[in-house]
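Colleague: Hi! Could you walk me through this model? I'd like to begin with a single residue and then zoom out.

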Amino acid sequence: MQRYFLNLAFLGEPFHGWQRQPGDISVQQVVEEALATLLRRPTPIVGAGRTDAGVNARMMPAHFDSECEIADTRSFVRSLNSIVGRHISVNGMVKVAPDAHARFDATKRTYRYFATPFKTPFFNTLAWQCSPTLDFGLMNTAAEILLHTDDFAAFAKTHTDVKTTICKVSHAEWIRCDGGGWMFEISADRFLRNMVRAVVGTLVEVGRHKISVEDFASIVQSHDRCKAGTSMPAHALYLWSVEYPYLNLNNFNSND
């Protein structure tokens, strides 16, 4: 049995998230069906994460097993791209060790949330239109608290089967983009379901001066999701990159 990593990207809007859902179309289902067509056998895949409905991915690594070695990976990627449709792209493929795991081996994940203070028909489905008066400096002051936080229960979706709400955030910052927009970039070893959108929603409350930085710290320490801000719209969130100790996904691209 041979194991391969795929480097996937997708637009989240048409899908009910990454993971298979009864009665709803998911990214995982589309890719698995395409693999089954080419390999002529059911082929499960395991992604690096489980993005929610509407969330986009610039990079979603996923692994699958093949009974035989795939000699021409470039040709295989082209065939996959011809099947998965226009909302998914397969940007690369590489053979890995039989025990390599797209989810459990990932050491760092980075998400970006995009916001624009301008109304534009070109980014309506790709960024959140925010108020130009948001205090991003104050939001960054609050975001620094996340770097010294271990338990993110205050930002976790309730009633899930997660065993722990402990995460290690290594970076959290609002960054000015070219053209006057903003993005919130956050990196961690793992993320909880709905965590990033809840964090952004609570930081926006700080930027609107509805809560103080001290209030934000109290919310984090409360471990109470009901005290945090609203979950932000999914269309502006992107799984941006995933890192592994033995593989750099940016170094291979079968579409070159």
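Modeller: Happy to. Let's begin with Ser241, which counts as buried because its relative accessibility is 15%. Buried means under 20% relative accessible area, exposed means over 50%, and partly exposed is in between, with a 1.4 Å probe and protein chains only. One caution: this is a predicted model, in which local features need pLDDT of at least 70, side-chain atom pairs count only at pLDDT 80 or more, and totals for chains, interfaces and linings use all residues. Residues are numbered from 1 along each chain as its sequence is written, and side-chain values use heavy atoms, with hydrogens and water left out.

Colleague: Good to know. Where is Ser241, and which residues does Ser241 touch?

Modeller: Ser241 sits in strand 9. Leaving aside residues up to four places away in sequence, Ser241 touches Arg58, Met59, Lys108, Arg109 and Thr110. A contact here means heavy atoms within 4.5 Å. Helices (H or I, at least four residues) and strands (E, at least two) are DSSP runs, numbered from the N terminus.

Colleague: And Glu185, is that buried or exposed?

Modeller: Glu185 is buried, since its relative accessible area is 14%. Glu185 belongs to strand 8, residues 182-188. Not counting residues up to four places away in sequence, Glu185 touches Thr110, Tyr111, Arg112, His171, Ala172, Glu173 and Ile175. Thr110 is also among the residues that Ser241 touches.

Colleague: How far is Glu185 from Val196 in space?

Modeller: They are 9.6 Å apart, C-alpha to C-alpha, and 11 residues apart in sequence.

Colleague: Let's switch to backbone angles. What is phi for Arg40 and for His223?

Modeller: Arg40 has a positive phi of about 60 degrees, although it is not a glycine. His223 also has a positive phi, near 60 degrees, and is a residue other than glycine.

Colleague: Where do those two fall in the fold?

Modeller: Arg40 is in the loop between helix 1 (27-39) and strand 2 (45-47), and counts as exposed because its relative accessibility is 78%. His223 is in the loop between helix 5 (213-222) and strand 9 (237-243); at 41% relative accessibility, His223 counts as partly exposed.

Colleague: How many disulfides are there?

Modeller: Zero, taking a disulfide as a pair of cysteine sulfur atoms within 2.5 Å. For Cys177, the closest cysteine sulfur is in Cys130, 10 Å away, so that is too far for a bond. Cys226 is in no disulfide either, and its nearest cysteine sulfur, that of Cys167, is 19 Å away. Cys226 counts as exposed because its relative accessibility is 73%.

Colleague: OK, zooming out. What's the overall fold pattern?

Modeller: The protein chain has five helices and nine strands. Along the sequence they run β-α-β-β-α-β-β-β-α-β-β-α-α-β.

Colleague: What share of the residues is buried?

Modeller: Buried residues make up 52% of the 256. Among contacts between residues at least 6 apart in sequence, 73% join residues at least 24 apart.
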